[in-house]
Amino acid sequence: MKLTTVKKIRKQTIIYAIVFIFTIWTLFPVYWMVKSSFTPNDLMYTANPGLVPDTWTLSHYKDLFQKTKFMNFVKNSLYVASLVTVISVSISILGSYSMTRLRYRGRIFFSQSIIYTYLLPTAVLFIPMYVAVSKLGLSDNKNALLIVYPTIIVPYCCYMLISYFKAIPKELEEAALIDGCNSLQALFRIIIPIASPGIAVVSTFAFTLAWNEYLYALVLTTSPGQQTVNIGISGFKFSDQAVWGLLMGSSVIASLPAIFLYFLAQRFLKGGLAAGGVK
């Protein structure tokens with residue numbers, strides 16, 4: 001066997017070993033979360049817990065469904081995240097289209113300021129946001145999140161979509177305009193179908209951002225009937241003690257919608273992210 005071939009095999013082996021180690025490192029917390037959600041309480045606090053529990057139980061999930069309002073938290077999060085995604089992506093499509101295709105004063109300033117708006121810490125804004133929402137009569141109301149979340153998500157979505165819209169040849173739109181379409185018709189009939197992979201990517205991330213957001217949900221919703229799933233999960237920790245069975249079980253369930261969405265959008269995510277990198 002040639003020396004170059006041996007070096008190549010050795011290099012590939014090292015790369016595979018590193019990838020395997022980092023994969024285990026990444027997936028082990030997820031495994032431990034799932035494993036703990038099926039572990040009985042009396043085995044949860046043992047000094048040296050095994051990788052596989054000796055006894056399995058569904059009591060934590062039964063308690064979640066029967067003794068807590070966890071499913072109401074999930075419904076609230078699905079309601080907020082879904083509507084916020086639709087609102088944010090719709091605004092972002094129109095905004096990105098205007099900044100890449102239309103010509104007006106201040107267009108370059110708006111397109112450049114988007115990234116700075118996205119980088120602004122949310123902790124700086126939650127007090128003025130709370131005051132604004134209170135004046136609208138939406139304090140302790142999950143609908144307040146429909147107003148607040150797009151202020152975080154729209155800049156990100158616009159920043160991502162601008163690159164996709166810039167990569168679409170203007171000749172296609174010009175041909176549609178010659179055939180009698182106006183700008184909006186060209187947007188919906190030409191631009192959006194071509195940019196659908198990018199829109200799918202942005203929608204997936206927008207849903208994830210809204211689903212995982214914690215600070216604004218904590219400040220703007222206080223009653224269990226209005227709180228989202230992240231706030232509900234944090235409620236299973238009392239003072240310096242945590243109900244680990246409920247925490248792990250609720251965390252498993254809360255991760256499923258995002259995982260399911262990523263699974264559905266996997267084809268678009270692969271193509272869209274790769275295309276975005278090239279653009």
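# A chat about cysteines, helices and a core

Author: Let's start with a cysteine: the sulfur of Cys 158 lies 7.2 Å from the closest cysteine sulfur, that of Cys 157, which is too far for a bond. Keep in mind that this is a predicted model.

Reader: Thanks! How many disulfides does the count come to?

Author: The count comes to 0 disulfides. Cys 157 is in no disulfide, as the nearest cysteine sulfur, in Cys 158, is 7.2 Å away.

Reader: And is Cys 157 buried or exposed?

Author: Cys 157 counts as buried, because its relative accessibility is 0%. Cys 158 is buried as well, with a relative accessible area of 6%.

Reader: Where does helix 7 bend?

Author: The bend is at Pro 150, and it comes to about 35°.

Reader: What span should helix 7 have, and how far apart are its ends?

Author: With 24 residues at 1.5 Å a residue, helix 7 should span 34 Å. Its end C-alpha atoms are 36 Å apart, which agrees.

Reader: Nice. Which residues have the most contacts inside the largest nonpolar core?

Author: Those are Phe 70, Ile 93, Tyr 149 and Val 229, in a core of 51 residues. Helix 7, residues 144–167, gives the most to this core, with 11 residues. Another core, of 5 residues, lies apart from it, and Met 99, Ile 114, Val 154 and Cys 158 are among its members.

Reader: Let me follow up on Phe 70. What is Phe 70 in contact with, leaving aside its neighbours within four places in sequence?

Author: Leaving those neighbours aside, Phe 70 is in contact with Leu 64, Val 229, Ile 233, Phe 236, Ser 250, Ile 253 and Ala 254.

Reader: Ser 250 is in that list. Where is Ser 250 found?

Author: Ser 250 is found in helix 13. At 0% relative accessibility, Ser 250 counts as buried. Setting aside neighbours within four places in sequence, its contacts are Leu 64, Phe 70, Ile 233 and Phe 236.

Reader: How far apart are Ser 250 and Ser 37?

Author: In sequence, Ser 250 and Ser 37 are 213 residues apart, while in space they are 8.3 Å apart, C-alpha to C-alpha. For another pair, take Phe 205 and Ala 186: they are 19 residues apart in sequence and 26 Å apart in space, again C-alpha to C-alpha. Phe 205 is found in helix 10, residues 196–212, and counts as partly exposed at 22% relative accessibility.

Reader: Back to helix 13. Where does helix 13 bend?

Author: Helix 13 bends by about 30° at Leu 256, and a proline, Pro 257, follows within four residues. Pro 257 is one of the buried residues of this helix, which also include Gly 245, Met 248, Ser 250 and Ile 253.

Reader: Changing topic: how many salt bridges does a search of the whole structure find?

Author: The search finds 1 salt bridge. The side chains of Asp 63 and Lys 67 meet in it, at 3.6 Å, N to O. Side chains of opposite charge can pair when their charged atoms come close.

Reader: How many residues apart are Asp 63 and Lys 67 in helix 3?

Author: They are 4 residues apart in helix 3, residues 59–67, so about one helical turn separates them. Asp 63 counts as partly exposed, at 25% relative accessibility, whereas Lys 67 counts as exposed, at 66%.

Reader: Now loops. Where is Thr 228 found?

Author: Thr 228 is found in the loop between helix 11, residues 215–220, and helix 12, residues 229–234. Its relative accessibility is 5%, so Thr 228 counts as buried. Leaving aside neighbours within four places in sequence, Thr 228 is in contact with Phe 73, Asn 76, Ser 77, Leu 145 and Ala 217.

Reader: Last one: what phi does Asp 140 have?

Author: Asp 140 has a positive phi of about 55°, although it is not a glycine. Most residues other than glycine have a negative phi. Asp 140 is found in the loop between helix 6, residues 122–135, and helix 7, and at 29% relative accessibility Asp 140 counts as partly exposed.

Notes
Residues numbered from 1 in each chain as written. Predicted model: local features only at pLDDT ≥ 70, side-chain atom pairs only at ≥ 80, totals over all residues. Heavy atoms only, no water. Salt bridge = Lys/Arg side-chain N within 4 Å of Asp/Glu carboxyl O. Helix = DSSP H or I, 4+ residues; strand = E, 2+ residues; numbered from the N terminus. Buried < 20%, exposed > 50% of the residue type's maximum accessible area, 1.4 Å probe, protein only. Bend = angle between axes of the 7 residues up to and from the residue. Contact = heavy atoms within 4.5 Å. Core = buried A, V, L, I, M, F, W, Y, C linked by side-chain atoms within 4.5 Å. Disulfide = S-S within 2.5 Å. Expected span 1.5 Å × (residues − 1).
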